Amino acid sequence: MKNKIHAIVTFMSLMVLYSCETYDMDEPGNLLPKTVDEDPLLPRIEVNGTILHSEAFGDIQNPIMIFLHGGPGSDYRSMISEKGYENANRYPNERTTVPMGLSKLRDEYYCVFYDQRGAGLSPRFEKAKLTFAIYLEDLKAVIERTIKEKLNTTGIKDERVYLFGYSFGGLLANGFINKYPGLVKHVVFYEPAPFTKENWEYFVENSSMVFAQIGKEWLDEYLLAHEHFTPNDHIQADYQMLLVANRAQPEFHEEENNPFWRYGSLTGSANLDFGMSDNFDVTSNLSSFSGNALFISGSLSMHEYSEYLEMQSVFYNRSEEFIIEGIGHSGVWQKPDEIIKIIKSTIKP
Amino acid sequence: MKTVMNILVGILFSVNLFGQNNYFSSENKYRAFFKGGIEPSTVFSLGIEYKSNIELLGSPVGFYGQVTQLFFKPGFGNAEFKFGGLYHKSITGSFGIINSINVSTGAISTINFDSRKYAVAGAFEIGFYKPKWYVSVLTVEYEKILTSHIEHTDHFKTVFYEGAQDGWYKGPGGSWQFGLEWGKTFNQKFDLHIELKVPFTENFRAYAGSPYHLNLGLGYRF
């Protein structure tokens, strides 16, 4: 009798165990959304030997504005979403509202958004394929592709485009202008990453280091998560990085609800954050640029880095600075209308 | 041959959780301990060890249990419980090997998910164990996370990914730690212990967490 009960209990335990669905941590779609190489329904472009997650908004007859997101490793979701509204769905045909945020510039511009390689819903790459030089060539390919598309569709041949660079995207825009000053008409920066080693040092001196944040909730959660799953696989590392997102730099005054799809963990350790290196130069040719450069910052960030905006804008012959009250580094998502207002009142297409 | 056998048995029986000093050769049956440091976050552990009468190849087998909590946010929502066995084998003179195995379960509650993990681990350390001090010249620990149950928060599903799956996950990975330890005994009752370890993922990719694990421990024998 005892043996029978034991057998029944064992059998039932096994049944319960097998009836529970188990998921693979490294299977795309379980912990994080699939990327364009894994999900054929996502919007995409093919450039520079790869596919990238990308969308465009507006009339292609309008001037072209290319939007460069931050990170490195973040994506463009926060630039087409807006605080107080539903976050942009990754499938355009499943969106319940029209895209918000900076995509509202579509009434005057043809707005092109893309996730940089290794970031967001663009494919994952190993570190060796994530260099600033490759990022510059990707951007050039996106611009050339869009100009060609416009020519084929409308017969209008644009020679130059507008750039919007947010955080790391600002450094990328700056590096591109330094290399190809003739391809850009005007540029808008929202709190761009430092352009020079000196500016990096100023930024670092005024930022909290990780050791100063021991005991902070985000750091405890991020580190303790390593006891529950280790970053053996790229997906697991990306998933862990989301515990850091919007939280790690108190001086940025970011909102925790600032949305994105995926944070590319390897972009952070790749050769993109090179600001402190000695051969760091993305400013030597900026004098060749004839367009306007708008530098926009939130007042909360400005309070932490009071000299920063001027230290950055000094490299441009024609620059203007703007402060938007009550926001920090996630201001693009918080108050896009105010950014749009500045752009529309300052640069005319 | 006997020495090789002793090393093999030691390795097979292998996580040292607390510096052993000469505890196993002392008359005391129990030791309570406190350990605090960074592993992998700022944590502290409370535990107890018991030296049983069971012997393996002429050396005693011990057992232990411990609970680990976040230093700045104690509570069972972020705690880990560990139960295991310990074995100290003297190879020649004061030179010896200490091993342990353990099973553990832990919980974590974050802004993005709640998780409960189940893991097994094994470790060995090789060193010189004197009556009043010891030094481990090599400590190797391996932990295999068998499964984790993950439930995502509304925050995660709203801000990042609405399609995240809640449930049991296989393949959460594992980790290696390599390090050094040192300890000293005072008044035959009190143990002081310090350890420094370097973590890696189980496939030796970047751990991307604390670059080092550092612990300071205090023990009381009775």
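Is A:Tyr76 buried or exposed? At 0% relative accessibility, A:Tyr76 counts as buried, because the limit for a buried residue is under 20% relative accessible area. The model discussed here is predicted.

**Aromatic pairs around A:Tyr76**

Over all chains, the structure holds 48 aromatic pairs. In one of them, A:Tyr76 is paired with A:Phe113 in a tilted arrangement, with ring centres 5.7 Å apart and planes at 40°. This pair links distant parts of the chain, 37 residues apart. A:Tyr76 belongs to the loop between strand 4 (64-68) and strand 5 (110-114) of chain A, whereas A:Phe113 is in strand 5 of chain A. A:Phe113 also counts as buried, with a relative accessibility of 0%.

A:Tyr76 has a ring pair with A:Trp261 as well, and this pair is edge-to-face. A:Trp261 lies in the loop between helix 6 (234-241) and helix 7 (265-269) of chain A, so its pair with A:Tyr76 ties together parts that are 185 residues apart in sequence. A:Trp261 counts as buried at 1% relative accessibility. The geometry of the two pairs is set out below.

| Ring pair | Distance between centres | Angle between planes | Class |
|---|---|---|---|
| A:Tyr76 and A:Phe113 | 5.7 Å | 40° | tilted |
| A:Tyr76 and A:Trp261 | 5.3 Å | 85° | edge-to-face |

Why is the pair of A:Tyr76 and A:Trp261 edge-to-face? Their planes are at 85°, and planes over 60 degrees apart count as edge-to-face.

**Other contacts of rings**

Ring pairs also join residues of chains A and B into a cluster. Its members are A:Phe229, A:Tyr239, A:Phe260 and A:Tyr263, together with B:Phe113, B:Phe156 and B:Phe160.

Charged side chains are placed over rings as well. In chain A, the charged end of A:Arg117 sits over the ring of A:Phe125, 4.7 Å from the ring centre. In chain B, the ring of B:Phe186 has the charged end of B:Lys184 over it, 5.8 Å from the centre.

**Chain B: overall composition**

Chain B contains two helices and eleven strands. Read from the N terminus, the order of its elements is α-β-β-β-β-β-β-β-α-β-β-β-β. Of the 222 residues in chain B, 54% are buried. The chain exposes about 9700 Å², and carbon and sulfur atoms supply 69% of this area.

**A nonpolar patch and strand 7**

A nonpolar patch on the surface has about 900 Å² of accessible area in total. Its residues are B:Phe128, B:Trp133, B:Val137, B:Leu138, B:Trp182, B:Ile194, B:Leu196, B:Tyr212, B:Leu214 and B:Leu216. At least two residues of the patch come from each of strand 7 (133-152), strand 10 (190-201) and strand 11 (213-221) of chain B. Which strand supplies the largest share of the patch? Strand 7 of chain B does, with three residues.

B:Val137 lies in strand 7 of chain B. With a relative accessible area of 46%, B:Val137 is partly exposed.

B:Thr139 is also found in strand 7 of chain B, but B:Thr139 counts as buried, at 1% relative accessibility. The side chain of B:Thr139 makes a polar contact of 3.0 Å with the side chain of B:Ser136. A polar contact of 3.4 Å connects the side chain of B:Thr139 to that of B:Glu181.

How values were computed: Residues numbered from 1 in each chain as written. Chains lettered and ligands numbered in written order. Predicted model: local features only at pLDDT ≥ 70, side-chain atom pairs only at ≥ 80, totals over all residues. Heavy atoms only, no water. Helix = DSSP H or I, 4+ residues; strand = E, 2+ residues; numbered from the N terminus. Buried < 20%, exposed > 50% of the residue type's maximum accessible area, 1.4 Å probe, protein only. Areas by Shrake-Rupley, 256 points an atom, 1.4 Å probe, with all protein chains shown as cover. Patch = residues over 30% accessible without salt bridge, like charges linked within 9 Å, V, L, I, M, F, W, Y side chains within 5 Å. Salt bridge = Lys/Arg side-chain N within 4 Å of Asp/Glu carboxyl O. Phe/Tyr/Trp six-rings, centres within 6.5 Å; stacked < 30°, edge-to-face > 60°. Lys NZ or Arg CZ within 6 Å of the ring centre and 35° of its normal. Polar contact = N/O pair within 3.5 Å; in protein donor to acceptor, adjacent residues only side chain to side chain.
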